[in-house]
Amino acid sequence: MTKTAKRMLALMDRAVTLWRIPVIGRAKGRLVRRLIERHGCTRAIEIGSLFGYSAILISGAMRPRGRLTCLESNAYLAKLVKSNCATAGVGGRVKIVVGDALRLLPLLPGRFDFVLIDAVKEDYLDYLRQLEPKLVPGAVVAADNTGIYRRDVLPYLEYVRDPHGRYASREHVFGDDAMEVSILRS
Ligand SMILES: C[S@@+](CC[C@H](N)C(=O)[O-])C[C@H]1O[C@@H](n2cnc3c(N)ncnc32)[C@H](O)[C@@H]1O
């Protein structure tokens, strides 16, 4: 990760101790970074980018050949993601696609080995089902806010936790929130 990227993330981490900004933040960010490094992920996608915090984190955690596709429905925010990623020195690794993820996902080319789901909570399961044909075996799927929005994401949790299903899934608790990490079985 570049020094500027680290500095930008650290600045944001400090800001979110006072401001309520819905980024994944330092603790969950550490988990995401560990997962990407441990599984050697190089083809990532995130659904919901806000202004680029998680995009900088994910793209910075991957090896230099790693690539991240960001789906962001708000055109203004998408511009901020692009500009912040460029400032952080990861602009060349990040592709930003503007629009509703549910419409975009079926049209996306390529396959993915890392997913961060962090947009409309009630749609988590639909995002995943649409992505599934594009996931490689062993793909890592991280779903944010499964603690504070538990009721909204319940269908998602039931699906990824089905013992006879396609995933080995585990909840990581962070205070009153959680991140569900599911690995697509080979
Ligand atoms: C919680 S924020 C994402 C935070 C970001 N992942 C981070 O940690 O830095 C959710 C984002 O999802 C975007 N969003 C909401 N609905 C969406 C949709 N249907 N498709 C794509 N993005 C969407 C919102 O505009 C917002 O920027």
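Which residues does A142 touch, not counting residues up to four places away in sequence? They are V32, L35, V115, L116, M179 and V181, where contact requires C-beta atoms, placed from the backbone, to lie within 7 Å. The structure is a predicted model, in which local features need pLDDT of at least 70 and side-chain atom pairs count only at pLDDT 80 or more, while totals for chains, interfaces and linings use all residues. Residues are numbered from 1 along each chain as its sequence is written.

A142 also belongs to the largest nonpolar core, which has 57 residues. Such a core is a set of buried Ala, Val, Leu, Ile, Met, Phe, Trp, Tyr and Cys residues joined through C-beta atoms within 7 Å. A residue is buried if 20 or more other C-beta atoms lie within 10 Å of its own, exposed if 12 or fewer, and partly exposed in between. A142 is among the core residues with the most contacts inside it, together with V32, Y53, I56, I58, V115 and I117.

Strand 5 spans residues 135-144; helices (H or I, at least four residues) and strands (E, at least two) are DSSP runs, numbered from the N terminus. Because 7 of its 10 residues are buried, strand 5 is largely enclosed by the rest of the structure. Strand 4 (residues 112-117) pairs with strand 5 in the parallel sense over 5 bridges, pairing being assigned if DSSP finds at least two bridges between two strands. Within this pair, F112 stands opposite L135. From strand 4 the chain crosses through helix 6 (residues 124-131) to strand 5, a right-handed β-α-β crossover; that is, with the strands pointing away from the viewer, the path from the first strand over the helix to the second runs clockwise.

The loop between helix 6 and strand 5 holds K134. With 17 other C-beta atoms within 10 Å, K134 is partly exposed. Its contacts, not counting residues up to four places away in sequence, are L108, G110, R111 and F112. K134 and G110 are 24 residues apart in sequence, yet their C-alpha atoms are 6.8 Å apart in space.

Strand 5 is also joined to strand 7 (residues 177-184) by 5 bridges, and these two strands run antiparallel. A142 stands opposite V181 in strand 7, and the bridge partner of A143 is E180. Strand 7 is mostly covered, with 6 of its 8 residues buried. Strands 6 and 7 form a hairpin with 2 residues between them, and G175 in the turn has a positive phi of about 60°.

Positive phi values also occur in residues other than glycine. N145, in the loop between strand 5 and helix 7 (150-161), has a phi near 65° and counts as buried, with 21 C-beta neighbours inside 10 Å. L50, in the loop between strand 1 and helix 3, has a phi near 50° and is buried with 22 such neighbours.

Finally, there is the ligand. Of the 21 residues around the ligand, G48, Y53, S54, A101 and A119 come nearest; a residue counts as near if its C-beta atom, placed from the backbone, lies within 6 Å. Strand 1 (43-47), helix 3 (53-61), strand 2 (67-72) and helix 5 (101-104) are the elements that give two or more residues to this shell. By class, the shell has 12 nonpolar, 5 polar and 4 charged residues, where Ala, Val, Leu, Ile, Met, Phe, Trp, Tyr, Cys and Pro count as nonpolar, Asp, Glu, Lys and Arg as charged, and the others, Gly among them, as polar.

Definitions and conventions. Two residues are in contact if their C-beta atoms, placed from the backbone, lie within 7 Å.
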